[in-house]
Amino acid sequence: MPSLQTSLPPELADNVIRLYRECLRRAKYIGARQHNTEVVVGMVRQQFKKHVHETDPEKIQKLKDDAARGLINHMLYESEKMSGRKFSNSS
């Protein structure tokens, strides 16, 4: 079974690994604040493992975009909580 590093172009594999690490860091942060670190980290790992054998670059890009969007949304949420300001334009 080929590893992620060898089955994808290097730039794509590196981006996925970096995104995975950042998602795990964010999951640990969220989990520590909500006292359920194992559950949140497990959910992140499960989602990445679910798609570990994906080789279609377009589908991988969509999955990466979804994960990045989730990270950005959480960072905005935390910023809003800390500053008391609302950054999004929801009605």
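Student: How many aromatic pairs does the count come to by this rule?

Tutor: The count comes to one aromatic pair, where rings of Phe, Tyr and Trp (its six-membered ring) pair if their centres lie within 6.5 Å. This is a predicted model, in which local features need pLDDT of at least 70, side-chain atom pairs count only at pLDDT 80 or more, and totals for chains, interfaces and linings use all residues. Residues are numbered from 1 along each chain as its sequence is written, and side-chain values use heavy atoms, with hydrogens and water left out.

Student: Why is the pair of Y20 and F48 called edge-to-face?

Tutor: The planes of Y20 and F48 stand at 65°, with 4.8 Å centre to centre. Planes over 60 degrees apart count as edge-to-face, those under 30 as stacked and the rest as tilted, so the pair is edge-to-face.

Student: What makes Y20 and F48 partly exposed?

Tutor: Y20 has 25% relative accessibility and F48 a relative accessible area of 23%. Buried means under 20%, exposed over 50% and partly exposed in between (1.4 Å probe, protein chains only), so both residues count as partly exposed.

Student: Why does M75 count as partly exposed?

Tutor: Its relative accessibility is 37%, so M75 falls in the partly exposed class. M75 is found in helix α4 (residues 57-83).

Student: Which residues make up the largest nonpolar core?

Tutor: Nine residues do: L19, C23, L24, A27, V40, V41, V44, A67 and L71. A nonpolar core is a set of buried Ala, Val, Leu, Ile, Met, Phe, Trp, Tyr and Cys residues joined through side-chain atoms within 4.5 Å. The largest share of this core, four residues, comes from α2.

Definitions and conventions
Helix = DSSP H or I, 4+ residues; strand = E, 2+ residues; numbered from the N terminus.
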